[in-house]
Every structure is written in C-alpha cells, then in structure tokens.
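I opened a notebook for this structure. The entries below record what I looked up.

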Amino acid sequence: MDLFLQTLLNGLLIGGVIATFTIAFQLTFGVLHVIDFAVGGWVVLGGYLGYYMAAGLGVDGFLAIPAAFFLFGAIGYLIGPILYNVRNSRTARPELMALALTFGLFTLLRGGMLTAWGFNTRNVPTALSGESLALGPVTVPMIRVAAAVFAIVIAGGLFLFLYRTRYGLAIRATAENRQNAALMGVNIRRLSANVYGLYAGITAMAGVLMGAVYSVNPEIGLRYTLFAFFVAVLAGLGSVGGALVAALLLGVIEAYVSTYVGSSYSLLAIFATLFLVLLISPKGILRRGL
Amino acid sequence: MSPAAQTPAAGGEPILVVRDLYKHFGGIKATNGVTLEVRRQEIAGLIGPNGSGKSTLFSLVAGTVAPDSGQIRFDGHEIAGKSAHAVARLGLARTFQIPALFENMTVTENLLAAAAEGRWQGARERAAETLALLRLEHVAENRASDLSGGQQKLLEFGRAVMRQASLVLLDEVTAGVHPNIRKIILEAITRLRERGITFLIIEHDMEMVRSVCDRIIVMDSGRVVTSGTFSEIVRNSEVMQTYLGRPQ
Amino acid sequence: MTTQPVKSRLPGLLLLAAVLVLLALMPLMVNNYWLRIATGALMWAGLACSWNILGGYAGYINFGHSAFFGLGAYVTAFLMNDPFGLPFLVTVPAGMLVTAVFAVIIGAPTLRLRGAYFAIATWAFAEVLIQFASAMDFTGGIGGIGLPPYLNERFFYFAMLGAAALTYLLTWLLFERSRFGLKVKALRDHEPAAEAMGINTALVKLQTFVLSAVTASVFGAIFAYWVTFINPKSVFGGDITDQMVVMVLLGGLGSLWGPAIGGVALFVVNRLMWMYWGDTAFYIALLGAAIVLVVLFLPNGIAGLFSGRRSNALEKAAGKLVGRVDEGERP
C-alpha cells in the first residue's frame, strides 16, 4: 500500500513538471496551428543548459531555470515568425510544410546535440539532489518535490499571465478564433513570435527540472515529444484546461508501469495508450476549450 | 418584363421538397422548421438577411451538415442525414460561397475532378465545352490558385456544371464579381435551365434576382416567410422593408 | 506540377529510356560494391515514392512509414525461418496482406481527422512496433532475427529494380493518368469540395494509404532477405522515416520524379559521408538542416525547379526572406 501511494505521489509530481511544457505546447498549437515536433528538443536543451551551468560555472542547477527561460525564449522569439510565415505562406500545403519544418528542426537539434555532446547522459546537479522527504508512510525524493514546486510556480505564472493581463486575453482570443482576433486589431504575426518564445522558454525550464529529476541525453528528446503528443491527443489539440489533467494522468501511468511492470515497458504503455485513444476517440477524451 | 418572369415554372412537379427542417447549433436556431419546394426546371431564388439560415439550409440539403430533424426529399430519394458525396451522386451539385477550388490543380483538372465520380465518358469534351461556356479557355492550364477572384467564381460554377446534376445550388455565385463575369454566369444559368437543370440560388443582389429567378423564397430567422414571383414579393412592401431593407 | 507541359515529351521519354537501359545494364558495368550501392539507391527511390503516394498526392504526412517497411521485413523473416521455411516469393504477398490489414486498422479512424492526428498516430504506431518487436520472443527481441543467406547481388539488384519500377509505373498510372489520381488530389486540396463532387473522401484516402503502406512492405521484404539479418531498430527505426521524408521534400512533394531524384541524391550523399567519416551523428544534423532549408527556400523541391514554376518558387523564396506573406488562414 505504501508503495502504491508512493508511486502515485511520484507520478503526480512528475506529471506536474510535464504539465508545464505541455500546456505551453497546447497554447502554441492554439495560436500558431502548428504541432511542434521540436518540443522534446527544447526540453533536452534546457537540461543541457542546466548541466553546463552547474558544471562550468559551479552554480546550483536550479539557477539555470531563469537563464533557460530567457535564452530559449529569445531563440523561440526568433524562430516563431519563420514558423508563422511558413504556416501562412502560399506554398502548396502550408500546414504540412510547417509540420515538416518543426520535424526538421527537431532532427537538426537532435543531430547537432549528438555531434556536439555524444550519447552521454547528463544530470543537472542541485543542492537537493540525493535528499528525500518523508511524508508519513511514504518517502519521495526531495528533488521531485522541488521540481513540482517550481512547476506549479511556472504554470501558475502562465495562467495568471493568460487570465489576468490584457496580453493574455489577446493570446486567448487568438487561440479561440484567429479571424476575430485579427479583426479586433491583434497583430497575429507578432503575437505568434511572442507565444513561440514563451513556449520555448517554458519548455526549456521544464527541461532543467527534468534534467535534475532524471537526466538528459540527445536521444531522450523523442520521449518528451511523445509526452506532449500524448497530452495533446488525450486533451484534444489546443485544449489548455485538459492538458493539466492529461499530464498528471501521464505522470501517474508512467510511474505505475515503471514500478510494477518495469521501466522498459513505460514507453510501450504510453504509446499503446496514445494509440488506443486515437483509435477509439480520435478527437481527444478530455476535450475542453481554453 | 424580364424574360424569366414570362416563363412560368416549367413542369411544376417538385424536384426538392424540404419539410420541417430543424438545425440548432448550441442555442442558435440556424434553421427553425424550414419548409419549401423547388420545382423541376425552375430557377428559384433564396433571399433573406444575413443569418436567416440560407447557407445552413444549403449545407443541410447538400449533406455537409446533418439536420436535427425534418425531411429532405430530392428527386424521389430521402436524403436528410446522408453524406455529402452520396447526395452529390444522386444528382445534386453545389457551389461554395467562398470558392473552394482544388488550388494546386489546373483549371482543366478542377473540371475533370468534378466529373471523376459519375459519367467519365466524354468528360474531357465536356470540360472543353464548359471552358468555352465560361470563357476560361485561355487559362485552362493555369493553376486554380493563380486565377483572379472573378475567374475563381467562374471555375467554382463550372465545377457544378461538370457534375451534370439535375439540381444545382448556387451560393452567391456572382457576389463581388465584375459585371462581365456576372453576365457570363447569368447566360450560362439560363442556357443550362433550357437543358432541364433546376437551380436554387442564394443571392443578395436584387437586380440579379429579378432578371433570372422565376420564383423567390424569402427566409428569416430560420424559417421561410413567403414565396412568390419577384413582382409579388416587391408588392409585399412589408417584406421588402423588413427583410430586404430597401423600401420600394 | 501535375500536368505535362504542352511542349514535346520526346526528350523526356528519351531520357527515361536511357536511364532504364543504364539500370538494366548496371550489373555488367560495376563491381559488387557499387552494385550494392545501386541496389540501396533503388530501394530508397522506391520507398520515397511510396511515402509520396500518401504524403504528396493525398497530403497526409506519415511519420511512421517505417512501420510498414518493417512489417514487410519481419513477415518475410518470420515465414522464411523454421518452422515455415517458405520460399521468398511466397512471403512477399503475405507481408503485403499483413501490412494492408494494419493500414486499414490505423487509417480508418485517423484519416477522418485533420492531418496532425494522423501524423501522431502513425508515429506512435511505428514506435509501438519497435517496442513490441523488442519485447517479444517470436521476433527475436532486441537481438533481431536472421534469414537464410542468399548471396546473389544481382538477384537483389534486379528485385529492387523491379519493385521500384513497378512502384513508379503504378504511381504514374494511378495518380497522373487516371480518375483516381484526380480524386486523391481533389481531396488533398479541398476536402469538403471533393465531397461535394461526389467523391467518397474517407474511402479514397484509405485506399491511398493502403497502397502506400503495401508498396513499402515489398521493399522491406526484399531488404530483409538482402541483408539476411534484421532487428527492430534496423527496419522500424524512426531514422528510416526521417530519411524518406527528407528525400521526398528535397525531390519535390507530390511530383512523380521528385522522390526518385531526392532518394538517389540523398542516398549517395549518405554513402559518401559514410565512406569518409564513418557512421556519424552529423548525418542526422545534416538531414534536419536539409529539411529546414528545403521547406524555407525550395518548397517545391528539386523537381519544382524544372517544372515551369521556377520563377514562382524563387519569387516565393525571396518573398519569404523579406517576410512577405499573405495574411489570413488557409484551410
């Protein structure tokens, strides 16, 4: 029973971290109408930034969180307009071309990281690494609790931004109906750049957390792209509310399969669930608007 | 007197019968019990203010949207709730308000694609005839996306012609086009009617309605409020004021 | 560009005839090493064409096409081994059948939705197959499965040549010269309009998808017999799909010869890099950069440069550089 509870708690904590970047992923789809294959690449890059800051500058890994936000936010801000142009260009099939572009970006990031850093696995060291927290009968690693706390802060900040600011309203309006937003005077192109930057920054921050809880290597990006897709399919593409629930569910499924079946089966379980959901209820089962 | 008004609806036997058609989107009653008839070989105009349910009615009849309840009888078949391609195969063609062309295909290919499901024999000859009818020969090998707005409207209309349908639904096919192109379309409609084709036309332009339609059906708030010849509708000044916003 | 230009087709036909003669005489002209490279190039040209059938003509991106390549390979490997010991030529149709069944199961529900869900579903399917084949005993697990060796390079060369030639012939007949192709391209460009033209889009899409999957399985079957040993990564691996996607984009999405040009070009680059640098991760980065550059600057691929839309393509590339786009969403 203790193991059961402990697994549940572990899963929820990781699910919280997954939620941060999958929510941003959904928001990006809502605004740009692009499925970003590169999402896993941003996670891994965030993890590497954490590792190199800790190893190179000797600072605590958690200090890399704001750095990741600003660095990858800036990079995303530069990539966003390109993606927007392709998605809205007069080429034969803009939707397909945009998907191919993010796929190419993902492959480029993966190949570049493999070339630069090899297949080695890196962990982001923090002051809390190795500690654990006892909560009654269950014990969880302190690092997971800390990561979940950071995740709540990040996600909370994002929600406050979306629901309490004028610019957040513009983003939500665009995600809801692009034509109407454009009519109301929203500059969709600039907004897309900002949203992609916001998303890349948040995803890289989640990458620092993931690198601290687990570890990163260039090949692991695919796993996080899968996570984002899983959440998108379960929640329905573009649904931000459903994404939180789906991400927590994903964390719990992964934790239980790893604990009770074996960690080598967790990917198979996630893929199989994703696939079955697509077959049975292809529009997502948690469908809800923003 | 326009020539159309002198030709009473030929045949008189209905080709399309719609009874008590309901379709609600959430709380919006897009069609709220529509009942109407279109007779064989007539050109019927469908008018009414924006949001009165005209386009929804087209989508329901063409099978793009399934109705909540009601009957649609087309040429002896009950088609309510049938899929769009099944309805099309029974001999009903439609155009889209915003041209929905096959943009990466040439003009000729667009016409041929319209004939791909149906009688294929002689399709190339018919495509050539349609190009001539619509004066599109000089752009036959251009990509559809490279056409001007008016040419796109012509091609949209041409695809419906290629279907060899018995009933054609035209959704504002002359809206916003150059008078020359409008004339081409009007002539084509009249000629096709002589060959036995029935038209139901959504139209905002009263001049066009007057010159081509045998009978006019007026919709408002998801229902048919009245129908009759152009002069009958015009005489009903209340209708003109309320629904067309143009006192006579 | 889907239609032939009005100008004479003679030069094109002569070129095609010359290429075919050259391909037929290839085994007499080169040694086994180069014959293997030619065999590989033919396989990739054929696979790129099979991906293009769905991706180019129907407009649905398949990110798990390796699944069907792998199914063909595994069925052949499985049936040629004990206890079945079937001859190779019997295993090919068996693989095609199994592949078709899987394609229907995946395609029927997901092809009804917008392309993104389909892309995710196919991608997930290929990954499930990797995980599944790695976990199961009858597939040989991660270790893989061997096939009875048949060391006749010429046989495999001509098998690949035949399969590739048939794939291209079939694609030409179906998509460039028949009503079926018109229907597929119509639904690609505007699905509701295609429906309004009486086209059963769900059915036509499924037929196209099955055709695309089944052709890939044939190459998988020949590949397995050729290399005499397969494992989950070598036939289901995502890199196989990546490579097909790049080849088609590079050559020209939705054109008949684009995949052949892109397939041969990229495969030769791959081999040359391998010869000089060995197996390198840099190739992956290069693939990614190639996709990005093609999407940004050459959206019609190499084939687009020769199809009279050249000025158009360059204009668009130039327009993109200065950020000129038309506003508004296109479906």
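I began with contacts: two residues are in contact if their C-beta atoms, placed from the backbone, lie within 7 Å. Under that rule I found that Val231(A) touches Thr22(A), Ala243(A), Ala246(A), Ala247(A) and Leu250(A), leaving out residues up to four places away in sequence.

I noted that this is a predicted model, in which local features need pLDDT of at least 70, side-chain atom pairs count only at pLDDT 80 or more, and totals for chains, interfaces and linings use all residues. Residues are numbered from 1 along each chain as its sequence is written, while chains are lettered from A and ligands numbered from 1 in the order in which they are written.

Next I turned to chain B. I counted 10 helices and 10 strands in chain B; these are DSSP runs, helices being H or I of at least four residues and strands E of at least two, numbered from the N terminus. The C-alpha trace of chain B spans about 50 × 40 × 35 Å along its principal axes. Contacts between residues 24 or more positions apart make up 66% of those in chain B with a separation of 6 or more.

Then I looked at where chains A and C meet. I found 41 residues of chain A in contact with 40 residues of chain C. On the chain A side, α4(A) gives the most, with 17 residues. That side has 26 nonpolar, nine polar and six charged residues (nonpolar: Ala, Val, Leu, Ile, Met, Phe, Trp, Tyr, Cys and Pro; charged: Asp, Glu, Lys and Arg; polar: the others, Gly among them).
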